[in-house]
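Open the model in your viewer and keep the selection tool at hand. The stops below are visited one at a time.

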Amino acid sequence: MGSAAFFVEGNVLRKTVLLLITIGLFQGSVYAQSPTLDALAASPGWYGLLHFEDGKSAIHADTFFLAEDGRHDPVAELRATIDAMRAASETGGDDDPRCRFPARYVWLVGQEVSLPPRPACPAFDDWVYGAETESISIVFATGYLGNPASFYGHTLLKFNADENVSRSDLLDVTVNYGAVIPPGTGPLEYIVKGAVGGFDAGFSHIQYYYHEHAYGDLELRDLWEYELNLAPAEVEFIVAHAWEVLGKEYTYYFFRRNCAFRMAEVLELLPEFSIIPEHRPWTIPQALVLNAAASTRNDQPLVRSVTYHPSRQSTFNARFRELSTPQRRALAAFINLRGDKGIAAISSLPVEDQHAVLDALIDYLQFRLPENPSTDDPDAVAYRAVLAYRFTLPRSAERSPPLPDYDPSQERDPGYLSAAATYQSDLGAGLQLRWRAAYYDPLDTTPSQNPNSELTMGDVILGVRDGDVDLQRAQLFRVESVNSGLSGLPGDRGKSWRLALGMQRQDISCGQCAVVRFEGDIGASRWLSDSLIAGVYAGGAIQDNQNRNGNAFVRARVYANWHGPNGLRLRTTYEHRQHLDGRLEGEDLFSVEARAPLGRNFDVRLGVTKNVETETMISFGRYW
C-alpha cells in the first residue's frame, strides 16, 4: 500500500473512531433516556444546530432544511432529518443526508436516536485537504479604519492540521463569516444597511495564507491566533457543523449578529462553552477573545496558546525602533540614493549593523510594495538589490522582530462609563455623566488598536447643574484615523483624517444649545520623539443654525499627544474656526486632557477646556 493511500485510509479510520467518541459527548443528557420528539426538538442542542432564533432559523437557504417548513418548525425539521437518515441507502455519497449534515447525525446518535451507520462521505472526509484537524483557533484581526466593515476588527476560525503533516500552517483552512457587499457600496450605505439587515451574509472557507496576505500585507492589520483547549472529538464536531453551514445564506447585522457572534455561535454548540457577550445589543470581535481568555472549561483554561502574526507595518516599526541613530541614517540614505550609492551608505557600517539595517529595509520595502508590482517598479528594483547584497554578507543569527508583551485578550473592556466633577468660570460647579457604547479615544487606545486614533460610537454626555440636566453630547460616531509616520520615510509620513456625526454643545457656556453637526478633517501626524506625536488638520463642519450661529464653518486644528510611563497620557489641542455665516466670525478652542489608568478597567481623567468660558473637570471611569 502506498503512503498516500495509507494516509487517506488512516484519516478516514481516525474520523470514524473520533465520530464514535464525539457521539459520546452528547450522551447522558436529559434527553438520552427515550426522549419524545417534541422534547428533543426543543432542546438547546437542536436549536443550536438549526441556528434557531426569534421563532425561526437565522439561515434562509432552502438547502439547509429537509422539511418544507423546516426554517420555522424545528419539530418538522427533526422528523424530516431522522426519516431521511433512516431511509438513506447504504452506499452513501455526498448527497446522503448523513453526509450533508454530519453534525446533526452525531448529535442525534448521541441522543440515542436509532440511525444506520454513517457511510463514506468523500467530499466531507477529504475536506481540509484530507489532513487531520488537530485543533481550532479563533483568529482576531485588529481594527482597520480604512473600511467601516473592519472598524472593530474581525474574527474567523482556523482549523489547524496535525503537526505531523509536513506542510505550512499557512495552508490550514479557515472558516470566515461576512456580508456579501455589492460592488460600489459606499461607507454610509454600508453602515445603514448593515445596521438594519440590508445585506446577505454567509460562511466561506479558504486557506489561511489568504487572510494573512489580505489583512497583514494589504490592510496592515495584526493577526492574533487563540488556540482553543478542545478535545479531539469536540474539534471533529465543530468541523462537522462548519461543513453544514458553508455557503448558507444569513442576514447580516453589523452591530450584533455579525462575524464575532456567528463564529462564537458555532463554538457554543459544545457543552458548557460560552463566550458571546450577553445583555448587549452589539458584539465587538475583541470581546470574544476577552471572554475566551477569561474562561475555563473542565477546570482548564479555554485558550491553550496565543500566536502573534504581525502585519508588514508592525514588523517594520518593531525593527525600526531597534535601530540606532547611525543605522537609521544609513537606512534613510539608501531610500534617498538607491543603487550603488545607497548600498555604499550601508556597507560603511560594521557587519552586524548592516544586518540590522538590511532586515529593517527589507521589511520597509515589503511594506511599500504594491500588491502586484511590475519588474521595473522602483521599490521592487530596490528590494532585489537589497536581497542581493544581503546574500553577500556573512550569515548572522536570525533577527526576529521583538514580540509585544501583550495581546488583545489582556486589554480593557470596550464600553465606558464615567462620572465627573466640573467647574465652569461662569456657571460654577456641576456634574457630568458619560456613557460610551464603544470603543476607544486617543487617550485610551490599547496596543492592539490604532495608537492616537479614535473610534467612538454611541457617546452620550449629560451635564447636571442646579438640578437641571443638559445634553452636552450625543454622537452617533466619531472616527479619527492617525497613521503615526514613525520613520518619516516615503509612504510612512502620517496621513490622518477625522469624521464625526451627532449632537454637541455649541460652546461650553451654553447649556441648552446642542446642535446637530457633521464634521470632517484631513491632515498629517508625525512622531517627534519616542513618546510625543503631533499633528495638524484642516477641515470644517455643517450644522443646524442654532442661535443664529451659522450653518457651516471651516477650521484649522493642531494637536500633540504625549505617552508617559505606566499608561499616563496627555493630549492638548488648539482649534481656530472661521464661520461662513451667522452672527459669529472667528472662534478659538483650547483643551488639555490627561488620563491615568487605575487597573485594567478603571481610569481617572483631568481636563481643562476653554471655549468662550473655561471649564475644568476630574472624572472617574469604568470600562465594561
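The tour goes from a helix pair to a cavity and then to a pocket.

This is a predicted model, in which local features need pLDDT of at least 70 and side-chain atom pairs count only at pLDDT 80 or more, while totals for chains, interfaces and linings use all residues. Residues are numbered from 1 along each chain as its sequence is written, and side-chain values use heavy atoms, with hydrogens and water left out.

Select helix H13 (residues 312-322) and helix H16 (residues 351-368), whose axes lie 9 Å apart at an angle of about 150°. Helices are DSSP runs of H or I with at least four residues, and axes are lines fitted to C-alpha atoms over the stretch in contact, with angles from 0 to 180 degrees between N-to-C directions. H13 and H16 are therefore roughly antiparallel (an angle over 145 degrees). Now show the side chains in contact (heavy atoms within 4.5 Å): Arg312, Gln313, Thr315, Phe316 and Arg319 of H13 meet Asp359, Ala360, Asp363, Tyr364, Gln366 and Phe367 of H16.

Next, select Arg473, Gln504, Ser591, Glu593 and Thr609, the closest to the centre of the largest cavity among its 43 lining residues. About 1,100 Å³ of space lies in this cavity. On a 1 Å grid over the protein atoms alone, a cavity is a set of points where a 1.4 Å probe fits but cannot get out, a pocket is an open set with protein on both sides within 12 Å along at least five of seven lines, and lining residues have an atom within 4 Å of a point.

Finally, select Pro148, Ala149, Ser150, Tyr190 and Tyr252, which lie nearest the centre of the second largest pocket, lined by 46 residues. Its volume is about 980 Å³.

How values were computed. Helices (H or I, at least four residues) and strands (E, at least two) are DSSP runs, numbered from the N terminus. Angles under 35 degrees count as roughly parallel, over 145 as roughly antiparallel, 65 to 115 as roughly perpendicular and the rest as oblique. Grid points are joined across faces, edges and corners, and a volume is the space filled by probe spheres set on the points.
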